[in-house]
Amino acid sequence: MTTTTSSTIKVGTLVLDIYDAQAKKLVWRVDATKTLNLSKDPQKNQQRLQKAMAKLLKNYPPPVK
């Protein structure tokens, strides 16, 4: 059995959710926004995407509560 949820995400936003599969709960959620121009240089878009991923993961792992 699977569970599906729906949420609104702005266009141009990359969202990363990390779940604990055993506990079946969300452990960490983060998002980053970068603009990609698909009609321009793909290399530049790749660099922007890499910057967005670096921004997403710079505070991972989250501090222990």
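Is Arg 29 buried, partly exposed or exposed, and what is its relative accessible area? In this predicted model, Arg 29 has a relative accessible area of 46%. Buried means under 20% and exposed means over 50%, so Arg 29 counts as partly exposed.

The side chain of Arg 29 meets that of Asp 17 in a salt bridge, at 2.6 Å from N to O. The two residues come from distant parts of the chain, twelve residues apart: Asp 17 belongs to strand E1 (residues 13-20), and Arg 29 to strand E2 (residues 25-33). Side chains of opposite charge can pair when their charged atoms come close. Asp 17 is also partly exposed, at 27% relative accessibility. A search of the whole structure finds one salt bridge.

Leu 49, Met 53, Leu 57 and Tyr 60 make a nonpolar patch of about 330 Å². One of these residues, Leu 49, is located in helix H1, which covers residues 42-57. The relative accessible area of Leu 49 is 36%, so this residue is partly exposed. Membership of a patch requires over 30% relative accessible area, and Leu 49 has 36%.

The segment after H1 holds Asn 59. With a relative accessible area of 53%, Asn 59 is exposed, because the cut-off for exposed is over 50%. Asn 59 can also be placed relative to Val 30: the two are 29 residues apart in sequence, and their C-alpha atoms are 9.3 Å apart in space.

Definitions and conventions
Residues are numbered from 1 along each chain as its sequence is written. This is a predicted model: local features need pLDDT of at least 70, side-chain atom pairs count only at pLDDT 80 or more; totals for chains, interfaces and linings use all residues. Side-chain values use heavy atoms; hydrogens and water are left out. Patches are made of residues with over 30% relative accessible area and no salt bridge: like charges are joined within 9 Å, nonpolar side chains (Val, Leu, Ile, Met, Phe, Trp, Tyr) within 5 Å. Accessible areas come from the Shrake-Rupley method with a 1.4 Å probe; for residues, only the protein chains shown count as cover. A salt bridge is a side-chain nitrogen of Lys or Arg within 4 Å of a carboxyl oxygen of Asp or Glu. Helices (H or I, at least four residues) and strands (E, at least two) are DSSP runs, numbered from the N terminus. Buried means under 20% relative accessible area, exposed over 50%, partly exposed in between (1.4 Å probe, protein chains only).
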